[in-house]
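Let's take a walk through a protein together, one stop at a time. Keep the picture open and follow along as you read.

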Amino acid sequence: MFSCLSQHKYFIIRSSLCQYRNNFIDRGWLKDDSFIYLVLYVDDMLIAAKKKYDIQKLRGLLSAEFEMKDLGAARKILGMEIIRDRERRKLFLSQRSYIQKVLARFGMSSSKPIDTPSAANIHLTAMFAPQSEEQKEYIGTSDVGLIYGGDTQCLVTGYSDSDYAGDVDTRRSMTGYVFTLGGSVVSWKATLQPTVTLSTTEAEYMALTEAAKEGIWLKGL
């Protein structure tokens with residue numbers, strides 16, 4: 001795959017070895033300086049471009065080299081369902097089917113969903129984890145998804161924060177960040193920091209460092 005795409009002037013995006021980009025076809029630049037993106041994961045592939053003709057041309061190029069099956073417009077990829085509203089120029093991503101499979105795997109298909117997150121002043125501990133089958137029946141937000149599109153300006157914006165010594169079991173702080181593209185979330189993380197910090201400033205710096213690394217990676221895309 002790499003040699004084939006390289007011959008046709010497709011280049012690997014530095015920050016992601018499974019994404020290829022091309023901004024010229026037939027030795028000429030695409031109109032309006034747009035790009036063609038090819039995203040590859042094992043044997044699953046997505047092609048994105050402004051014009052359907054460009055997608056068809058790349059698909060024909062690859063079909064001549066590899067045995068492929070065209071499934072048409074993407075409806076599902078890596079457990080994510082893709083729903084389009086072309087009139088409103090919006091795209092909706094959902095993992096409802098995947099979540100239902102996970103619930104079935106752990107015997108929680110009859111779970112009763114509740115709203116999350118909890119109140120901001122509640123500090124969770126390991127004691128609050130579900131301990132019985134009855135408690136497990138009150139977990140779930142499978143209908144929540146992400147919406148992209150609209151007329152907002154296409155800019156990447158990032159936010160970071162920390163919760164100093166928020167884990168009452170280990171006294172470690174929490175790192176949290178979120179990045180949006182055109183106002184829609186594209187990357188986020190909330191996790192315990194690897195070590196115990198001695199001040200709120202140190203906790204904030206650790207969270208900001210993780211956010212900065214993610215921002216650099218996103219910029220490379």
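Which residues does S162 touch, not counting residues up to four places away in sequence? Find S162 first: it sits in strand 11, which covers residues 156-163. Its partners are M174, Q193, T200, A203, E204 and A207. One of them, E204, also makes a polar contact with S162, side chain to side chain, at 3.3 Å. And is S162 buried or exposed? Its relative accessibility is 16%, and the cut-off for buried is under 20%, so S162 counts as buried.

Before going on, a word about what you are looking at: this is a predicted model. The protein has 221 residues, and 23% of them count as buried. You can pick out five helices and 13 strands. The protein exposes about 16200 Å², with carbon and sulfur atoms supplying 56% of that area. Now think about contacts between residues with a separation of 6 or more: 45% of those in the protein link residues 24 or more positions apart.

S187 belongs to strand 13, residues 184-192. With a relative accessible area of 9%, S187 is buried. Its side chain joins that of E214 through a polar contact of 2.6 Å. If you set aside the neighbours within four places in sequence, S187 is in contact with Y177, V178, F179, E214 and L218.

Two names in that list, Y177 and F179, deserve a stop of their own. How many aromatic pairs are there? The count comes to one. In it, the ring centres of Y177 and F179 are 5.8 Å apart and the ring planes meet at 70°, so this pair is edge-to-face; the cut-off for that label is over 60 degrees. Y177 counts as buried at 9% relative accessibility, and F179 counts as buried too, at 8%.

For a contrast, look at helix 5, which spans residues 200-220 and holds K219. K219 has 75% relative accessibility, so it counts as exposed. Now trace the chain back from K219 to V156: the two are 63 residues apart along the chain, yet their C-alpha atoms are separated by 8.5 Å.

Let's turn to the nonpolar cores. In soluble globular proteins, nonpolar side chains tend to be buried together. Which residues make up the largest nonpolar core here? There are six: I36, L38, L40, L58, L61 and L62. Strand 5 (36-41) and helix 2 (52-63) are the elements that give two or more residues to this core. A second, separate core has five residues, among them A74, I77, I82 and Y148.

Stay with strand 5 for a moment. Strand 5 pairs with strand 6, residues 44-48, in the antiparallel sense, over five bridges. Strand 5 and strand 6 form a hairpin with two residues between the strands. V42 lies in that loop, and it has a positive phi of about 55° although it is not a glycine. V42 has a relative accessible area of 69%, so it is exposed.

Between strand 7 and strand 8 (80-85) you will find L78 in the loop. Its phi is near 50°, a positive value in a residue other than glycine. L78 is partly exposed, with a relative accessible area of 47%, whereas V42, the other residue with positive phi on this walk, is exposed at 69%.

Methods:
Residues are numbered from 1 along each chain as its sequence is written. This is a predicted model: local features need pLDDT of at least 70, side-chain atom pairs count only at pLDDT 80 or more; totals for chains, interfaces and linings use all residues. Side-chain values use heavy atoms; hydrogens and water are left out. A nonpolar core is a set of buried Ala, Val, Leu, Ile, Met, Phe, Trp, Tyr and Cys residues joined through side-chain atoms within 4.5 Å. Buried means under 20% relative accessible area, exposed over 50%, partly exposed in between (1.4 Å probe, protein chains only). Helices (H or I, at least four residues) and strands (E, at least two) are DSSP runs, numbered from the N terminus. Rings of Phe, Tyr and Trp (its six-membered ring) pair if their centres lie within 6.5 Å; planes under 30 degrees apart count as stacked, over 60 as edge-to-face and the rest as tilted. Contact means heavy atoms within 4.5 Å. Accessible areas come from the Shrake-Rupley method with a 1.4 Å probe; for residues, only the protein chains shown count as cover. Two strands pair if DSSP finds at least two bridges between them. A polar contact is a pair of N or O atoms within 3.5 Å; within protein, one must be able to donate a hydrogen and the other to accept it, and residues adjacent in sequence count only if both atoms are side-chain atoms.
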